[in-house]
Amino acid sequence: MKRFSAWFRSPGRVALTAVGIVVFGIGFFSGARAWAQEEDRAAHKDGKSTYAAIADAPEKAHERKNPFEGDTQAVAAGGKLFEQHCADCHGKKAGGTRKGPSLLREEVQQATPGTLFWVLTNGVVRRGMPVWSKLPEPERWQIVTFLQSLKLHSLQSQSVSAEPVARVRHIP
Amino acid sequence: MVACVSPEPIRKRFPGHILMALILSLLLCMSSLVSAQESPYIVTYDHYLEEPGSLEVEYFSTFGTQRGGNNFDAFWTEFEYGTTAWWTTELYVDGQTTFNDSTIFTGFRVENRLRLLQREHLVNPVLYIEYEQTSGADKIVKEVEGHDVESDYAESNALLRKEHDHELEMKLLLSSTFKGWNVAVNPIVTKNLSPGEPWEFAYAIGTSRPLALKASPNRCNFCRENFIAGVEMYGGLGDTRSSGLRDTSHYLAPVVAWNLPSDWTVRLSSGFGLNDNSHRLLLRWGLSREFSDFGEIVGRLFGGRP
């Protein structure tokens with residue numbers, strides 16, 4: 001006990017211990033991350049599409065109506081929330097990143113508002129998407145409203161240049 | 001991205017500090033930030049884990065009044081990392097200043113939180129396992145255990161630090177969110193790993209709600225949606241030799257969190273002792289910031305895929 005106290009009386013030793021803790025922490029975190037990546041790869045091998053979670057939504061969830069449908073204020077608010085909470089994984093334009101899939105794909109854009117709300121609420125924990133029920137229900141609906149507004153953008157860009165959208169939509 | 005600003009100069013005789021400052025600068029320069037929606041609780045845990053790959057760095061301070069001794073300011077830093085969407089791991093480093101006495105390092109804690117169910121349910125359980133190695137001078141009062149009472153903290157630091165605790169702590173975090181309200185209940189069991197020590201029990205409960213449930217279309221600092229207010233209550237429940245609400249301390253603490261669009265979260269809490277065994281006041285504040293791509297940066301440092 002005395003040896004433990006004596007060790008921490010020297011500021012140099014305290015600094016050394018702190019550096020040791022940081023190095024250990026980084027090593028531990030990177031090890032844990034590698035393990036998580038391995039687990040993620042294993043999950044992808046089960047043959048299910050990244051978008052399979054949409055199909056998991058129960059019938060009751062499909063039928064839920066978006067209370068903000070057609071509300072332009074909700075689209076703007078949803079866009080702000082998307083940027084704050086979702087863009088890091090799904091990309092600023094929802095086109096997807098290495099961390100998360102594109103939300104411009106047909107599977108997402110054809111889903112009912114209730115289904116998107118259900119996926120947002122429950123997350124896809126096994127595949128790395130956290131649950132987002134910590135956002136109040138109206139905020140989650142605002143995000144859904146924003147996501148659905150992307151469909152219009154997709155269609156508009158399709159009329160300007162059909163090819164890139166077609167390419168996106170036919171990814172197997 | 002944040003501006004790449006190095007911390008202020010540090011005395012040359014502590015090369016370890018310079019290394020730490022460099023690591024911190026590197027992380028600040030390389031990390032992008034995400035706006036967090038953090039709960040206001042300081043003692044209670046809800047079931048929401050850190051986003052995968054994100055590191056949240058948090059600093060907390062607790063000012064406590066002390067009858068029969070000197071008031072104190074205990075502080076701790078948390079490094080909270082989202083390993084997966086169902087597993088969060090965390091490192092705490094504790095210290096304290098007792099007025100008219102000294103400032104000392106009091107120990108560290110490592111904890112893991114594991115989400116038990118994949119989807120959201122009415123009640124969502126998360127398993128919390130912590131190992132802590134602290135001295136008797138640790139005063140952060142992150143939880144009240146067994147028969148912890150105010151007089152335990154009245155001695156001088158020189159005396160208190162002679163006691164050394166290796167503890168295993170387990171909590172079942174039960175939490176539910178409905179109509180914007182979060183209710184969290186944490187039963188706690190602690191075992192000092194020294195031989196002959198009993199199992200100790202404790203509790204923490206909390207409820208909170210954002211001041212507005214709907215987001216405004218514009219970025220704003222003072223929008224009601226950025227504030228989450230609530231109240232938490234925590235205390236001891238005795239041990240295997242004598243359990244119950246008596247001969248221990250209990251606190252009631254209104255709490256508030258301010259989630260800024262600039263990616264900072266500020267938390268405030270004023271805990272009031274509910275019986276004569278409790279500190280009259282535990283005034284707490286915390287500041288935290290989330291680094292969303294910490295996992296990728298570490299991966300790159302260790303030769304992972306870009």
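Analyst: Among the contacts in chain B that join residues at least 6 apart in sequence, 63% link residues at least 24 apart. The model is a predicted one, and chain B holds three helices and 12 strands, while buried residues account for 43% of its 306 residues.

User: What makes the strands of chain B a closed barrel?

Analyst: The 12 strands run S1-S2-S3-S4-S5-S6-S7-S8-S9-S10-S11-S12 in chain B, with antiparallel pairing. The twist averages 20 degrees from one strand to the next. Strand S1 (residues 55-64) of chain B pairs with strand S2 (residues 72-84) of chain B over 10 bridges in the antiparallel sense, and S1(B) also pairs with strand S12 (residues 281-291) of chain B, again antiparallel and over 10 bridges. Two strands count as paired when there are at least two bridges between them, so the 10 bridges of S1(B) with S2(B) meet that cut-off, and so do the 10 bridges of S1(B) with S12(B).

User: What joins S10(B) to strand S9 and to strand S11?

Analyst: Nine bridges join S10(B) to strand S9 (residues 227-239) of chain B, and these two run antiparallel; within that pair, B:Val231 stands opposite B:Pro254. S10(B) also pairs in the antiparallel sense with strand S11 (residues 264-273) of chain B, over seven bridges, and there B:Val255 has B:Ser269 as its bridge partner. The hairpin of S10(B) and S11(B) has four residues between the strands, and B:Asp263 takes a positive phi near 80 degrees in it.

User: Why is A:Ala94 called buried, and why is B:Lys179 called exposed?

Analyst: A:Ala94 has 23 other C-beta atoms within 10 Å, and a residue is buried at 20 or more, so A:Ala94 is buried. B:Lys179 has 8 C-beta neighbours inside 10 Å, and a residue is exposed at 12 or fewer, so B:Lys179 counts as exposed. Phi is positive for A:Ala94, near 65 degrees, and for B:Lys179, near 50 degrees. A:Ala94 lies in the loop between helix H6 (87-90) and helix H7 (106-109) of chain A, while B:Lys179 is in the loop between strand S6 (164-178) and strand S7 (181-192) of chain B.

User: Which residues touch the most other members of the largest nonpolar core?

Analyst: That core has 38 residues, and those touching the most other members are A:Leu116, A:Val119, A:Leu120, A:Ile143, A:Val144 and A:Leu147. The elements giving two or more residues to this core are helix H3 (52-56), helix H5 (72-85), H8 and helix H9 (137-160) of chain A. Leaving aside residues up to four places away in sequence, A:Val119 touches A:Ala53, A:Ile54, A:Ala57 and A:Val124. Another core, of 25 residues, lies apart from the largest one, and among its residues are B:Tyr41, B:Phe60, B:Ile140 and B:Tyr234.

User: How confident is the predictor in chain A and in chain B?

Analyst: Chain A averages a pLDDT of 77, with 59% of the residues scoring at least 70, and chain B averages 89, with 87% scoring at least 70. Over residues 159-172 of chain A the pLDDT stays under 50, as over residues 1-17 of chain B. Where pLDDT is low, the predicted coordinates should not be read in detail. For the complex, the predictor gives an ipTM of 0.85 and a pTM of 0.81.

Key: Residues numbered from 1 in each chain as written. Chains lettered and ligands numbered in written order. Predicted model: local features only at pLDDT ≥ 70, side-chain atom pairs only at ≥ 80, totals over all residues. Contact = placed C-beta atoms within 7 Å. Axes fitted to C-alpha atoms, helices over the stretch in contact; angles between N-to-C directions. pLDDT = per-residue confidence, 0-100. Core = buried A, V, L, I, M, F, W, Y, C linked by C-beta atoms within 7 Å.
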